Amino acid sequence: MKQFLLVVLLEMLSLHVLAQNNQLVVTDETDAPTEFVNVACLSSVDSTLLFGGVTDVKGNYEYEKVKAPAILRISMVGYHTLFFDQPFPKQIKLIPASLKLGEVEVKAYRKNVKITNRGLIVDVDKTPLAQLPTIEDAIRQMPLINQVDGTVLGKGTPEIYINSRKVRNTDELKQLSPLRVLSVEIINKPGVKYGAEVSSVIIIKTKKGEHELAGVLTGNGAVSEVLTENINADISYMFRNGMGIYTGMGFSNDGFKQKREYVEIFNQAKSKTVTNGTYESHSKMFNANFGLSYDFDLGNSMGIRYEFERTPKSHYEANSNIDLTSEDVNETLFSQTVSKKQSFLHSMNFYSNVKFGQHKSFEWKTSADYLYGVNKRGSATIEEGENIHDDVNTSSHSNFHLVAVKSNLAVELGNLSADFGIQYSGTRNNMSFTSNGNAMAAALSSATDAEKQVGYASYLELEYSIGGKWTVSGGLRFEGVDFNYTKNGVRIDEQSKTFLNWLPDVGVNYKNDNAEVDLAYYTKITRPSYSMLNSNYFYISHTSWEAGNPLLKYALIQTLDLTMSYKQSYFEVLLKRNKRNINTVYTYLETDNINVRQEINLSTYNSLTLIASQRFSVGFWHPMLQGVAYFQHFKYGTPEKSYDKPLGKFSFDNRFNLLGNFFLYLGASWLTCGHQATLYLKNFSSYYLRLTKVIKNWSFNLLFNDFAKTYRNKNLVDTNGVSYYENRNGASHLIRLSVTYAFNGKKSYKGKKSVPDEINRLR
């Protein structure tokens, strides 16, 4: 007992001594903790060294209180040497040093890609990527990214964050200049803390500005089949006390024009419908945001942000000829469809980030969201022929509310790091639908749907480093969902269910200076959007309707993921077990002589994905080759069909560093024929050219997209005796001029959306 008391007293004494010591934290220009920074305390009388040393891996340096007059000196190669009088600051930010020889400025572009055990990190600051017009353009030039659509190779559409805040509308990426971005992290193994539906994550880390006014103004104009333009302004002001004010707004006038062909073969190949026409869309959108934040210590901050989005006008018009051929009908119809949409969204986000503990080894992040939105859609179709006269009108109206909270505690204890979190969301989505016109529309008449959902989750994720080269990780996520569905005011028990899931994630990683090998197993869920869950029908054409499916269940995907990388080479193998995958099928309804497009849950099947990426640097030429090969073994339908033709996607992107600080980008993409679930994609190729130039605060970019006019969107769905083929031509060939003006630095709002996957289902 005496020994125990003695140990306790000694421990308390050591804590007391530590409490008497002072601690400073040194960061680089991005506020990242910096290791091996030289710290020296010099006597103000004779400059003798009183104490000295270097900062640790977290940028910390502890020292005893100095009673004599002294000066603190901070130095590191590549940064200005800094001097401080007493009292010494607790936080110090390094200032980069630049070297100029007379009128000659020496420039070099470092290797800007770093492999991690979750993906990779791409530096943007002080690289050619920073000269592109938007961060969206910069991301499409990065490894593991599909240049055509911005998705992550083999992992689909990523969840995107700016700092810690979830990006709900990807149009926001067109408003963010790479000049304000420090780095982009591409995570293709997100782990359990990002949610059951998240297969890939992109985190955009912005640079922090000084105490000043800062902003970015951007403008884009494009010429294709139609003219489009958008203008954005983003302004902030940082006060010396850590307070920040942010505001921004944007306006866009977008549109497209395409020629399309649709071919339907059905009714045991006795009937055929061929539709050829011109399809044109114009929409206007306005958005605005306002936010406040307060940084009250290194790594400790809180903030609030309000956003408003409105689409006051969206007009879609299709003019086409429809050829109907069957045993008893052979007629040509003229069809005109006019569709209009309106929507608005209010959202509020609050966040707080708090670091505590002796070495700031604990970090507690909390976020809360409230959203309210309305979507309206109306469509009027007129079809005229010799014997057929149809006038069909359909409309839908939906409104939704969402309240959500998420909290995460991150802990770092030596070689062990852990994340523990809880999450809650409550969603209400109400939809109403009306139709009138032909017999099918009259039979549908009107309906109302109401969906209420309560979601809750908790997770634990651990990562342990062994010997500096090996890392083992494991995580477990529990998710529960209570779903309540009513139609015309009556609760439907068959659709109103409770789902409970345990989702594991385990992995092992080996890494040295040049190579890395990672093996992981994880389980993901895909939930249907709320628009898929309605019980309504929407008119498409004379023989084609689109329907919701309230019986849809969530899909479960189990994945074994092997990654190997060496220097600038990257290779990944994904073996998946797909259960209840959600996909599109067509079914023929003989009584109404129509084909219905609907999302259903497919039977279980296996798939294999191979991903490869190779980068080079040859003088001023910087090429990148990437490819994805997809294989699946899947059968479905009545009559049963096999969907097993391999699919390939390949790209060849090049950057040329030219004289006068010009950069030329030239790239190509190819798609082979092949199956993806029930969809059969047909081959295409596409080519682009981009020229960029920066003059002081101005950035100029000229893009020629699909300049050879070879891009096609062609696919086929052949299910249940219905063959539906579509060929879209247009809206890809364009010339776009982008101009950006940026002044001073920029610090972005750092909040994080609490339930981004649930938000996406409402859109």
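I began with a pair of neighbours in a predicted model. K126 and D125 form a salt bridge through their side chains, with N to O at 3.1 Å. I then looked up the accessibility of D125. Its relative accessible area is 10%, so D125 is buried.

How many salt bridges does the structure hold? I noted a total of 17.

Next I looked up D137. Its side chain meets that of R690 in a salt bridge, again listed N to O, at 3.1 Å. The two partners come from distant parts of the chain, 553 residues apart. D137 sits in helix α2, residues 135-139. R690 sits in strand β44, residues 684-695.

The cut-off I applied is under 20%.

**A pair within a network**

I moved on to K189. Its side chain forms a salt bridge with that of E572, N to O at 3.9 Å. For this distance I checked the limit, which is within 4 Å. The pair also links distant parts of the chain, here 383 residues apart. K189 is in the loop between β14 (181-187) and β15 (201-206). E572 is in strand β33, residues 569-579.

I looked up burial for both. K189 counts as buried because its relative accessibility is 4%. For E572 I read a relative accessible area of 0%, so E572 is buried.

Which residues join K189 and E572 in one network? I wrote down K155, D518 and D561. Salt bridges that share partners tie these residues together with K189 and E572.

**T471**

Last, I turned to T471. I found T471 in strand β26, which covers residues 470-487. T471 counts as buried because its relative accessibility is 14%.

What does T471 touch, leaving aside residues up to four places away in sequence? I listed N117, E463, Y464, S465, G507, V508 and N509. I followed up on N117. It lies 354 residues from T471 along the chain. The C-alpha atoms of T471 and N117 are 8.5 Å apart.

**Recap**

I keep two links between distant parts of the chain on file: D137 with R690, and K189 with E572. I also keep the contact of T471 with N117.

Notes. Residues numbered from 1 in each chain as written. Predicted model: local features only at pLDDT ≥ 70, side-chain atom pairs only at ≥ 80, totals over all residues. Heavy atoms only, no water. Buried < 20%, exposed > 50% of the residue type's maximum accessible area, 1.4 Å probe, protein only. Helix = DSSP H or I, 4+ residues; strand = E, 2+ residues; numbered from the N terminus. Contact = heavy atoms within 4.5 Å.
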